[in-house]
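Hi,

Here is the structure to look through. My notes follow below it.

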Amino acid sequence: MIYVIMGVSGCGKSALGAYLSEKLGWRLYEGDDFHPQENIDKMTRGVQLTDEDRLPWLLKLHEVIDRERRRGSDALVTCSALKRLYRNILTSGSTAVTSSCPSEPSPLDVFFLFLQGDYQLIHQRISARTGHYMRADLLSSQFEVLEPPLEEEENVMRLDIRKSLSDMGMEVESHLRSVRDQERL
């Protein structure tokens, strides 16, 4: 199982990823570590990234996801995955960009954990953090670009960021038990 922890900057992807990695004993891939330096420089200057800026980064993360899937490993990946196209790239790679089909079905062993919260709460969080290149003034652009997963998408779990890490972690563990029980049938 691969869990992609997604949402706008400052929603708690890294915190939940670290918590789940410790709790489940799974490897955590921090999406920010895969950004090319040009992207980091742009965000540091307060310039929002374009789809073209994000593509090489998303393809690197797809490689990680694909490698872990082929190994049969469990892993966690943090990535904003703001648009449906980005989520398709994470699961299908470059074929998501070149395919005439608008969205490929996602593999059942890749599941998105959508950390959702309102702008005000996330802005407070992002303004209070230190040592991160993503500036608080870029948050509004992330909300503008965000295409929240649709209710009917089977491979998405929505998590309310007002809850504690342990409460969100329990929801994920419950989901994982359910998936594993289904696999045994």
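Some ground rules. This is a predicted model, where local features need pLDDT of at least 70 and side-chain atom pairs count only at pLDDT 80 or more, while totals for chains, interfaces and linings use all residues. Residues are numbered from 1 along each chain as its sequence is written, and side-chain values use heavy atoms, with hydrogens and water left out.

Salt bridges

The structure has 10 salt bridges. The cut-off is a side-chain nitrogen of Lys or Arg within 4 Å of a carboxyl oxygen of Asp or Glu.

- Asp51 pairs with Lys83, with the closest N and O atoms 3.1 Å apart. Asp51 sits in helix α3 and Lys83 in the loop between β3 (75-78) and α4 (84-92), so this bridge ties together parts 32 residues apart in sequence. Helices (H or I, at least four residues) and strands (E, at least two) are DSSP runs, numbered from the N terminus. Lys83 is buried, at 19% relative accessible area.
- Lys42 pairs with Asp53, and their closest N and O atoms are 2.6 Å apart. This links helix α2 (residues 37-44) to helix α3 (residues 51-71), with the two residues 11 apart. Asp53 is buried, at 16% relative accessibility.
- Arg162 pairs with Asp160 at 2.5 Å between the closest N and O atoms. Arg162 is exposed, at 68%. Asp160 is partly exposed, at 22%.
- Arg67, Glu68 and Arg71 form a network of salt bridges.

Arg87

Arg87 is in helix α4. Arg87 is buried, at 3% relative accessibility. A polar atom of its side chain lies 2.9 Å from the backbone oxygen of Ala81. Leaving out residues up to four places away in sequence, Arg87 also touches others, including Met6, Phe112, Glu147 and Glu153. Contact means heavy atoms within 4.5 Å.

Nonpolar core

The largest nonpolar core has 46 residues. Such a core is a set of buried Ala, Val, Leu, Ile, Met, Phe, Trp, Tyr and Cys residues joined through side-chain atoms within 4.5 Å. Tyr3, Val4, Leu90 and Leu113 have the most contacts inside it. Strand β4 (residues 110-116) gives the most to this core, with six residues. Beyond four places in sequence, the contacts of Leu90 include Val4, Leu58, Ile65 and Phe112.

Best wishes

Note on methods. Buried means under 20% relative accessible area, exposed over 50%, partly exposed in between (1.4 Å probe, protein chains only). A polar contact is a pair of N or O atoms within 3.5 Å; within protein, one must be able to donate a hydrogen and the other to accept it, and residues adjacent in sequence count only if both atoms are side-chain atoms.
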